[in-house]
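Me: I'd like a close look at one part of this model, the place where the two chains meet. Could you walk me through it in one go?

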Amino acid sequence: MSLAADALKNFEKITPKNIPLVEPLSKGHRGCQGCGEVLALRMVAKAVGSSMIAVSATGCMEIITSPYPQTAWEVPWIHVAFENTAAVASGIEAGRKALIRKGRMADDGAKVVAYAGDGATADIGMQALSGALERGHDFTYICLDNEAYMNTGIQRSSSTPWGAGTTTSPAGKKSKGQMTWKKNMAAIAAAHNIPYVATASPAFHLDLMNKVKKAITEAITVPGPAYVHIFSPCPTGWRCAPEDSLETARLVVNTRVFPLYEVIDGRYVLSRDVKKPKPVEDYLNIHRRFRHLKPEDIAVIQKRVGQDWDRLMALVKATNPEASAE
Amino acid sequence: MARRVGLEVSLACAEAAKLANVDVIAAYPITPQTHIVEHLAELVADGHLDAEFVPVESEHSAMSACVGSSAAGARTFTSSSSQGLALMHEILFIASAMRLPIVMAVANRALSGPLNIWNDHSDIMAERDIGWVQTFAENGQEVLDLTLHAFKVAEDARVCLPVIVNMDGFLLTHVIEPLLMPDQAEVDAYLPAFAPQQRLDISKPISMGMVGMPEVYTEAKKATLEALLGSYEVVKEHWAGMAEQFGRSYKPIETYRAEDAEVLFVTMGSLGETCMTAIDEMREQGLKVGSVRIRLWRPFPVEDFLAAIKGAGGLIVIDRALSPGVPAGPVATELMGLLYAKGLKVPVHNFVAGLGGRDVTREDFKKMLQKAKDAFAAGGEMTCEMVGVKE
């Protein structure tokens with residue numbers, strides 16, 4: 001059986017010296033100031049390059065890049081609906097596979113890359129995503145997670161973190177805002193035993209682009225999908241200054257709230273070991289979505305972040321037996 | 001040379017998709033199930049058909065994967081029914097708006113609730129406005145021929161629209177019928193490989209499925225409507241081609257002993273066959289009755305229909321679905337609207353019959369005729385009646 005790890009043995013990293021100049025997602029889109037999501041998507045597109053077939057869910061990234069008759073896409077791009085991006089991508093992959101096999105189309109090496117927001121991934125599109133991951137189509141799925149339904153006016157999703165105020169999880173006398181914990185989509189993707197899963201943040205742009213590049217690189221030789229979950233700051237929805245977008249993307253990692261890691265053939269690899277985490281307060285204080293939280297609420301979050309980190313470390317240890325023996 | 005075979009109609013439909021050399025089948029087998037998908041899976045597994053079989057996790061994903069596959073330039077087929085068709089609903093409109101030539105066989109069945117997997121037309125009547133070309137088959141041979149015809153129409157550069165072939169669940173899909181199975185060379189002559197107008201191609205990037213602001217939405221809808229209306233001539237042209245290639249000819253509207261009929265039954269699907277048998281029996285009793293069967297449902301063949309009913313003293317329209325809360329069933333409602341628009345005062349009597357697998361027998365036709373004739377004679381208003389309701 002071919003492994004993603006073998007396919008990535010001679011992986012040529014993207015470095016500050018060879019950052020791709022190509023811009024499949026061109027300028028002129030209608031994103032908000034400081035949008036961390038479109039920045040992340042631009043990095044994704046640069047890492048994939050001009051052989052990308054982009055499959056978009058309904059959402060911010062769809063509407064800001066495709067108001068007919070304008071398009072910001074320099075590569076073939078398709079949008080169908082909200083909840084079916086993974087299914088559409090699986091159809092494209094299947095269609096291309098059949099046409100290439102039957103000699104009706106040359107293999108042009110195009111990469112099918114689907115992207116969707118957290119609502120389109122963790123809520124309404126979860127079934128279609130699970131189906132496509134389980135069937136093992138060769139495609140890359142990117143979740144651009146801005147932790148709520150932003151396009152429609154900041155409604156909570158299952159990816160909204162505990163304590164965040166949204167228009168459908170408002171803080172009030174009897175509520176601290178979102179009262180549930182963020183769904184762990186990367187773990188759910190990894191549970192499908194696909195070759196490659198990763199988390200990324202646009203504040204660590206080389207790490208992000210390399211993960212996307214790895215996802216499409218392993219796909220050349222390893223059958224099966226890849227899943228990359230990208231933390232995508234939304235100043236509009238999180239109620240912070242546009243210029244704080246990248247800082248928040250950095251702090252979320254450095255507070256251990258959103259750890260960066262890969263799951264390669266089921267093996268957990270930490271991308272950034274946050275040895276001296278900053279207090280979660282540093283991250284939470286930037287957004288007005290958390291401003292109603294009291295010190296005791298923040299303590300609850302701090303505790304949970306610690307537990308989640310410990311669990312991740314346990315997974316790293318458990319899936320790297322040789323490393324732990326050394 | 002065509003072979004004479006006895007074949008379950010579901011399998012005949014699958015064989016037609018195989019003869020069409022489809023590239024992708026994305027289907028969910030079970031809400032409720034037919035043998036169409038099973039047989040295609042078998043053909044692929046045995047290497048008789050070189051296609052990607054995508055066993056999706058729901059009909060919503062089936063139609064979504066079909067959209068993707070068709071956009072990639074592949075000849076794409078799926079099949080559905082009842083609840084599954086209802087689950088696809090959202091994507092059906094998008095498939096036609098994106099002008100993707102997907103072909104779908106629909107085994108018409110009742111919608112829940114109560115849960116019922118048997119035949120009627122409630123599933124497809126909820127999908128009248130999806131913008132697809134739609135035909136209704138009467139028997140197994142028609143299922144096979146209309147499936148081949150569907151690809152020909154869908155992929156025609158003048159059309160570029162998805163097509164549904166309707167066939168009655170169980171009454172057609174699960175019965176074995178004698179039919180002529182064309183050979184591959186004949187089919188290839190009729191239906192060459194799919195040459196898409198546009199596809200997702202990195203050497204020629206296009207954006208598909210873009211946002212339609214209020215400034216362009218109306219025009220986009222108008223363009224799709226024009227394509228659907230324009231498909232009428234293409235549908236007829238490819239039926240003519242079918243007659244030439246296979247020796248079987250089809251028309252948008254079929255009539256039976258209608259020329260001198262005083263009263264005409266209007267049916268769709270397999271009910272037409274029972275209706276013809278009943279008409280023969282009634283004719284023997286001296287009743288001047290005939291029938292009109294709608295084969296092309298979308299775009300509705302207005303002129304063909306008007307020509308078929310010319311001279312009739314009354315119409316008995318049989319609906320196999322309810323349209324709750326309005327005076328008549330869906331087919332009768334449309335036909336009455338059409339007659340009114342044309343200034344025709346043909347009396348119409350509407351029966352809703354055969355819901356959820358209830359048999360509609362020759363005797364039922366005779367009773368319907370009597371009731372309708374009484375109503376026509378009394379000069380009364382149009383009524384809609386449910387047939388055979390147990391009190």
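To start me off, which residue in β9(B) is the bridge partner of Trp77(A)?

Reply: It's Ser207(B): that is the residue in β9(B) that bridges to Trp77(A). Bear in mind that this is a predicted model. The pairing behind that bridge crosses from one chain to the other: β2(A) and strand β9 of chain B, residues 207-208, run parallel and are joined by 2 bridges.

Now step back to the whole contact. Chain A puts in 40 residues and chain B puts in 40 residues. On the chain A side, the elements giving two or more residues are β2 (77-79), α4 (85-101) and α6 (126-135). Of these, α4(A) gives the most, with 13 residues. Sorted by class, that side of chain A has 21 nonpolar, 11 polar and 8 charged residues.

So much for the tally; on to the helices. Two packed helices are described by the angle between their axes and the distance between the axes. For α4(A) and helix α3 of chain B (residues 59-71), the axes come within 6 Å and cross at roughly 45°. As for handedness, α4(A) passes α3(B) in a right-handed crossing.

If you want to find the crossing in the viewer, pick out the residues that meet there. From α4(A) they are Ala87(A), Val88(A), Ala89(A), Ser90(A), Gly91(A), Ile92(A), Ala94(A) and Gly95(A). Facing them from α3(B) are Ser61(B), Ser64(B), Ala65(B), Cys66(B), Val67(B), Gly68(B), Ser69(B) and Ala71(B). By class, the contact of α4(A) with α3(B) splits into 9 nonpolar and 7 polar residues, with no charged ones.

Chain B also has a sheet to look at while you're there. In chain B, 7 strands make an open sheet with mixed pairing, in the order β3-β2-β4-β5-β7-β6-β13. At the edges stand β3 (52-55) and β13 (296-298) of chain B, each with a single partner strand, so one side of each has no neighbour in the sheet. From one strand to the next, the twist averages 20°. Within this sheet, β5(B) (residues 103-108) and β7(B) (residues 163-168) pair in the parallel sense over 6 bridges. For a landmark in that pairing, take Ala107(B), whose bridge partner in β7(B) is Met167(B).

Notes: Residues numbered from 1 in each chain as written. Chains lettered and ligands numbered in written order. Predicted model: local features only at pLDDT ≥ 70, side-chain atom pairs only at ≥ 80, totals over all residues. Contact = placed C-beta atoms within 7 Å. Helix = DSSP H or I, 4+ residues; strand = E, 2+ residues; numbered from the N terminus. Nonpolar A, V, L, I, M, F, W, Y, C, P; charged D, E, K, R; others polar. Pairing = 2+ DSSP bridges. Axes fitted to C-alpha atoms, helices over the stretch in contact; angles between N-to-C directions. Left-handed = near helix turned anticlockwise from the far one by under 90°.
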